[in-house]
Amino acid sequence: MAESLLYFLVNSLFLVSVYAECGGEISEKSGLFVYPADGSSYPTNVDCTWTFTSGVSKALSITYNIENTNDCAADSLEISDPYETLGRICGNSVNSYLGVSLRIRFRSDGNDNGASGFHLQHDEGCGGMLTSVPVIVTSPGYPVGYPLNLRCRWIIDAGEEVQMFLIFRFENSCGGDYLKVFTDSGEEIKHACGTDFSGMSWTRDVFKLQFYSDDTSVGDGFWARFTSTAVTNAEATTAPMTTSSTAPPTTTITTTIPSTVPPTTTTATTTITTPSTSTTATTSIISTVPLSTQESTTGIITVDVSAADRIYIVNKHNEWRSSVVFGVTSPRAGYMNRIVWSNELATRAQLWAEECTYTQQSIPERYFKATGLGLGYPLLYGQNLHKGAEENQSWKGVLEKWYDERHNFAYGEYSPGAKHYIQMMFDDALFLGCGFKQCTGYRYYVCNYIEEYFSYSFAGDAPWIWWKPTCDTRARCSNCDNGLCAYSNQ
C-alpha cells in the first residue's frame, strides 16, 4: 500500500499521465504514462489498446516488465502503425520506436506472474502523415543543414499510386546521418546516406520515410517530391515537352529581387546591366565542333532553321538564363551554363519535326551518345515542342510563349504549367538544337536540350540551385560570360 502511494505521489510530482483505464486515446504532445496506474502488478486476461493522435509522428521510449515467454506468446506489448507491427515485446528491458499514428496494445493471459507492466515516455517528433499529393517533404532546415540528433518519420498515403523522386546530400560517409525509405509493409527500398546527389525514383501506394541525424556534422539534407502517377501518366501522354536533369532539391524561398536588371540582346552580342556593373561581351553561340563529327546515327544532316534564327534562338535562351543569375527571377541562380547550338541536336530535332507527329519522342529515341559534343557518355536529351496554326508564327513567338510560362512557375513546387520554361532554365544545360517543319494545317517547332549531368527525367521543380558556387568561383568554367559559365568544349 505504501509503495502504491509513493508511486502515485511521484507520478503527480512529475505530471505523469496515469492510465487506469484499459485503453483510450493519448492526445498530449508529450508525456509519460504508466500501466497499471498504481504501480501494482498488471491484471490478468486484459486486452487494452491506446492510440496516439492520428497523423502525428511520435518517438517512444518504453521501459517494461512483462512476463517473458517464447515469441511473447503469453503476455505482450505490441507497437504498430496503420500498416505494420513495429515491435512485439515482453521480458524486462527498454525499447525505442519512431512512427506515425501509433497504436499500443497490451495483452495478458490468465496467469498472474507479478510483473509490473510498463512506463512509456512519448514525445512529438518531426514528420507526420501526408494524405494528398503533390507534396514535397524535406529534412528540417533544408537546404542549409539540419539539426543534430534528429529522429523523423513520415508516412505518405494519398489513397492512390504515388511516384517518389528523391535527391539527398548528407555527410561524406554512410556511418552517420541517413534517410530510409520503406514500403507500407516495412520493406526497405533505399538506405540513402553519403553525398549521392543524383536523383532516384520509385512508385508505390504508400511510402514511409525515416530520417536520422547523429551528434556530429551535417550535410544539406534531403528533398523528396511525391506526385500521383495518374497525373504523371496523363501528362506523359499529352504534354508537348519532356525534361532531363539532375535538378536540385529545395524548399520555396523568398528572395529580394534587384530593381535594376535590364538584360537586352542583339544578334550575337549580349549586353547586360546589373545594379553595379555594365558589360558587353560577344558570345560564341554556334558549336565549333566540325559538322562531320556531329552526324546523327541516321547519317543524315538536315537543318531547316536559318543561321539568323539559330543566332536568335541561342541568344534569347542565354539572355533569359543570364537574367536569372542577376536576380530577375526569385530566387536567383548561383550560376548557369552558357548554351550553344549543336548541329547534332538540331539534326535530331529536324528529323522529329519531319514526322509531323505532335508528341514527345520516346526515351529510347532520345537516348544517345553525343560523340560530337565532347561529353563522352550517353545522354538523354530534353525536348520542347510547339504546334502553331498561325500563318505568321515565328521562332520569336514560340520562344516568348515558352518564356511566358514563368508566370506559372513556383520555385520548389510542382509547376506543370511551366514545363517549357523549366526546360529552358536548367542550370546545367550546355547545348541545344532546333528543327522546324510546315506540316499540313500547322507549323511544328522542336528544340532539344542536353544537360551537363543527367540522371532522371522529371518535372523540374527547381531547375537551378540558388546556393551553388557563382560562375567566377566554379572551377570547371573556362570563363564567365555575363554570369554564364562557358565550358572549353563549347
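Helices α3 and α6 are roughly parallel to each other, because their axes cross at roughly 20° and angles under 35 degrees count as roughly parallel. The model is predicted.

**The α3–α6 pair**
- Helix α3 spans residues 307-325, and helix α6 spans residues 395-404.
- The two axes come within 10 Å.
- The crossing of α3 past α6 is right-handed.
- On the α3 side, the contact is made by D309, Y312, I313, K316, H317, W320 and S323.
- Their partners in α6 are W395, K396, L399, E400 and Y403.
- By class, the residues of this contact are six nonpolar, four charged and two polar.

**The buried side of α6**
- Buried residues in α6 are W395, V398, L399, W402 and Y403.
- These residues lie on the same side of α6, because they cover an arc of only 130° around the axis.
- An α-helix has 3.6 residues a turn, so residues three or four places apart point the same way.

**The chain as a whole**
- The protein chain has seven helices and 30 strands.
- It holds 490 residues, of which 52% count as buried.
- Among its contacts between residues at least 6 apart in sequence, 76% join residues at least 24 apart.

Conventions: Residues numbered from 1 in each chain as written. Predicted model: local features only at pLDDT ≥ 70, side-chain atom pairs only at ≥ 80, totals over all residues. Heavy atoms only, no water. Axes fitted to C-alpha atoms, helices over the stretch in contact; angles between N-to-C directions. Helix = DSSP H or I, 4+ residues; strand = E, 2+ residues; numbered from the N terminus. Parallel < 35°, antiparallel > 145°, perpendicular 65-115°, else oblique. Left-handed = near helix turned anticlockwise from the far one by under 90°. Contact = heavy atoms within 4.5 Å. Nonpolar A, V, L, I, M, F, W, Y, C, P; charged D, E, K, R; others polar. Buried < 20%, exposed > 50% of the residue type's maximum accessible area, 1.4 Å probe, protein only. Arc of directions from axis to C-beta.
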